[in-house]
Amino acid sequence: LPAGPGPFPGVIDLFGGAGGLIEFRAGLLASRGFAVLALAYFAYDDLPKVLAKLDLEYFEEAADLLLKHPKVRGPGLGVVGVSKGGETALAMASFLPQVVATVWINGTSFLHGNPLVYKDLVIPPIPYCLERVLLTEMGALDNSGVFADPRDPSYRTSAIPVEKIRGKVLFVVGEDDRSFNSKLFAELALARMPPESGRILSYPGAGHLIEPPGSPLCGISSIRGTPRPVAWGGQPQPHARAQEHSWQEIVQFLEQQLGSAAPMKL
C-alpha cells in the first residue's frame, strides 16, 4: 500500500512460469500511488506445485478481495502480467468486468500448455512442441520454436476471447524475445479487440523479461521446472531503454485508466 489514507487505485501484479511470489514490481507500483496485490498462482504456500490449469475463479476471487479492501478505490482495477502472467491478465480482461486496465508484457493471446477453466467453460490449450527446443552456444534452452503458429486454423478454439474486452489493454513487446513471437500474439489480439481498446509498444532489441528501469538485463536464467537455463533474449542498451520508456508508459496508462492517487514518487 502507498503511504496515506487512500483510497488508491487497485492493481493485481502477475509473473509467469517461475511461479512463487514475486513482489518487487508491486512495491514499485505502490510507491507510485497504487494499491497492489502481488498474486502467486502456483508453486507457493498451499497452491499447486505445478500449473496444471488456469482456474479463472481463483483470479476473480483475488479481484473481489482487492476491491473490498478499505484503501482500494473501485469500481474497476488494473492487472499487470508478464509472460504466462500476460496470458492470464488478458483472460481476466476478457471475462472479468472488474478488470478495466490491463498491461500485457511479452505474453500470448492463446492458451498454451494448460487449459483455462471458468465455471462451465473450458478453453483447450495449444500443446507445447517440446521436440523443437534448441540449445544456444552457451547451453541454454531456446524455446522460440516450442510455440506452434497460432494462426493455424486448428488452434482457433485456444484463442483467448479478447473480443469481449471492455476495458483498455497496453501491449508491451520485446522484438528480441527468445521465448516466443510476442509481437505476433499482440497483433493477433489487437485485430480481434473492440476498436480503440488497445495499443502496442514494440521495442527492437528488447528481450522477454522487460522489467522496471534499473533492473539488469536478464538474458539467460534458471527457471523452475526446466533442466537447463532458459534464453530470454535482449541486447543491453536497447533493452535498458525499453525498460525505462515502458515503465513510464505503464504508470501513465494505469493512472489514466484508474485515476491518479500518488502521494509520493520515486
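A residue is called buried when its relative accessible area is under 20%, exposed when it is over 50%, and partly exposed in between (1.4 Å probe, protein chains only). By that rule Lys119 is exposed, with a relative accessible area of 52%.

Before we go on, note that this is a predicted model: local features need pLDDT of at least 70, side-chain atom pairs count only at pLDDT 80 or more, and totals for chains, interfaces and linings use all residues. Residues are numbered from 1 along each chain as its sequence is written, and side-chain values use heavy atoms, leaving out hydrogens and water.

**Charged pairs**

Side chains of opposite charge can pair when their charged atoms come close. A salt bridge here is a side-chain nitrogen of Lys or Arg within 4 Å of a carboxyl oxygen of Asp or Glu.

| Salt bridge | N to O distance |
|---|---|
| Arg25 and Asp13 | 2.7 Å |
| Glu163 and Arg192 | 3.1 Å |
| Glu175 and Lys183 | 3.5 Å |

Let's start with Arg25 and Asp13, whose side chains meet in a salt bridge. Arg25 lies in helix H1 (residues 24–31) and Asp13 in strand E1 (residues 8–14), so this pair ties together parts that are 12 residues apart in sequence. Such helices (H or I, at least four residues) and strands (E, at least two) are DSSP runs, numbered from the N terminus.

Glu163 sits in the loop between strand E9 (141–142) and strand E10 (168–174), and Arg192 in helix H4 (residues 182–192), so the pair links parts that are 29 residues apart in sequence. Glu163 is partly exposed at 38%, and Arg192 is partly exposed at 29%. In the pair of Glu175 and Lys183, Glu175 is partly exposed at 39% and Lys183 is partly exposed at 30%.

Most residues other than glycine have a negative phi, and most peptide bonds are trans. Now look at the peptide bond from Gly6 to Pro7, which is cis, with omega near 0°; Pro7 is in the segment before E1. The bond from Gly74 to Pro75 is cis, again with omega near 0°, and Pro75 belongs to strand E4 (residues 72–82).

Ala43 has a positive phi, near 60°, in the loop between strand E2 (35–38) and strand E3 (54–55). Lys119 has a positive phi of about 55° although it is not a glycine, and Lys119 is found in the loop between strand E6 (116–118) and strand E7 (121–123).
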